[in-house]
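Look at the structure below before reading on.

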Amino acid sequence: FFQKTLTAIKSWFTLFGWPKTQNPISIPHSLRSDVCKVQTTISQDKVFTRNLSKDKGFCEMLFYLHGESLPGITASQSLSRDPVERMLQLHWQHSALLSFLKSLGAYLPHVMPEFLLEREDYKIWIKAELNMGDVKTSERFSDKNIFVLEDSTFETMSKRAWTDVLLQIYKVFVLRRISSHSKTDPSSLESMQNMPRIKAEPLSSNIYSSYERKILTWLNNNYDKNRKIVWKDCQKGGVPPRRWIVNFDQDLLDGLVLAAQVAAYCPYLIDTHFIRMYTNPRTYQQFLHNSLILVKAMHAVNLNIDIKV
């Protein structure tokens, strides 16, 4: 499950996390090694600057998704040559990022700033924490739990931490943009009267956020409105029955709900693709058939988001 989640996150942020172009990421390696390290001080009179046109930084992704600067995080900074001071800078920066995400509603109580560091920086942090005689570090790290992790355990923890941070970044930066501008459609009003509604109240679900429930409402409205249009001449089952879409996995498995969404915006795909779908699939082969048609329809409109059948 976690590996599938990780793959989906890597795919989405690679395709949509950057302005104008794609940028492949690896979790956690490319994120840990390039967290706002735009400028690194090599010597007192020489500063190395990254080539942003070729090497996109994590901060650039944050600024792009959020739309503005983040408190405590800058796109250009100099890091100290001293390993301890450099680690402290990065640790403080991670703390600022986690605090800001939490202020927007991110749920990250299990992610510590040190889990986002490089392995070598984490070792320096451990030494600084355990060296209680060092006034400089003890003042900054007082009254905190210390987690001393072996290398393999740290890598596992770091990968999980970065995965959860990216999930919460998507939640607070992307999902929060969703708004409902529903217009009353007289033609569909009668058909929707007997359908249960997805409640928008914040406490009406302990699984989905209000933004996700708006997407479920959108799925329900489009499916119920378009199922009689898309499959009115279907020879493989006729018009599919009405359904109530309440989740993003089981209710989407047969491809019909997603096909109805695409057909709402690209109706010309109905005759070339969607009319050949099974509207009451029962076997694995029929589910696979529908998924093949859906993916081909996405490719036909250049919606190449690397979704596997």
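**Cysteines, a pocket and confidence**

Cys266 has a relative accessible area of 14%, so this residue counts as buried. Cys234 is buried too, because its relative accessibility is 8%; the cut-off for buried is under 20%. A disulfide is a covalent bond that joins the sulfur atoms of two cysteines. The count of disulfides in this predicted model is 0.

Next comes the largest pocket. The space in the largest pocket is about 2700 Å³. Its lining is made up of 49 residues, and those nearest the centre are Ala8, Tyr170, Phe248, Leu252 and Ile307. Five elements can be traced on the model here: helix H1 (2-16), helix H7 (151-174), helix H9 (210-230), helix H10 (256-265) and H12 each give two or more residues to the lining. H1 provides the largest share, with 11 residues. What kinds of residues form the lining of the largest pocket? The lining holds 31 nonpolar, 10 polar and 8 charged residues.

The last topic is confidence. Over the chain, the mean pLDDT is 81, and 79% of the residues reach 70 or more. Helix H12 (residues 284-300) has the highest confidence, at 95, while strand E1 (residues 39-43) has the lowest, at a mean of 38. Over residues 36-55, pLDDT stays under 50, and the model has 40 contacts beyond four places in sequence for them. Residues 135-139 also stay under 50 in pLDDT, and for these the model has 5 such contacts beyond four places in sequence.

Conventions: Residues are numbered from 1 along each chain as its sequence is written. This is a predicted model: local features need pLDDT of at least 70, side-chain atom pairs count only at pLDDT 80 or more; totals for chains, interfaces and linings use all residues. Side-chain values use heavy atoms; hydrogens and water are left out. pLDDT is the predictor's confidence in each residue, from 0 to 100. Helices (H or I, at least four residues) and strands (E, at least two) are DSSP runs, numbered from the N terminus. Contact means heavy atoms within 4.5 Å. A disulfide is a pair of cysteine sulfur atoms within 2.5 Å. Buried means under 20% relative accessible area, exposed over 50%, partly exposed in between (1.4 Å probe, protein chains only). On a 1 Å grid over the protein atoms alone, a cavity is a set of points where a 1.4 Å probe fits but cannot get out, and a pocket is an open set with protein on both sides within 12 Å along at least five of seven lines; lining residues have an atom within 4 Å of a point. Grid points are joined across faces, edges and corners, and a volume is the space filled by probe spheres set on the points. Ala, Val, Leu, Ile, Met, Phe, Trp, Tyr, Cys and Pro count as nonpolar, Asp, Glu, Lys and Arg as charged, and the others, Gly among them, as polar.
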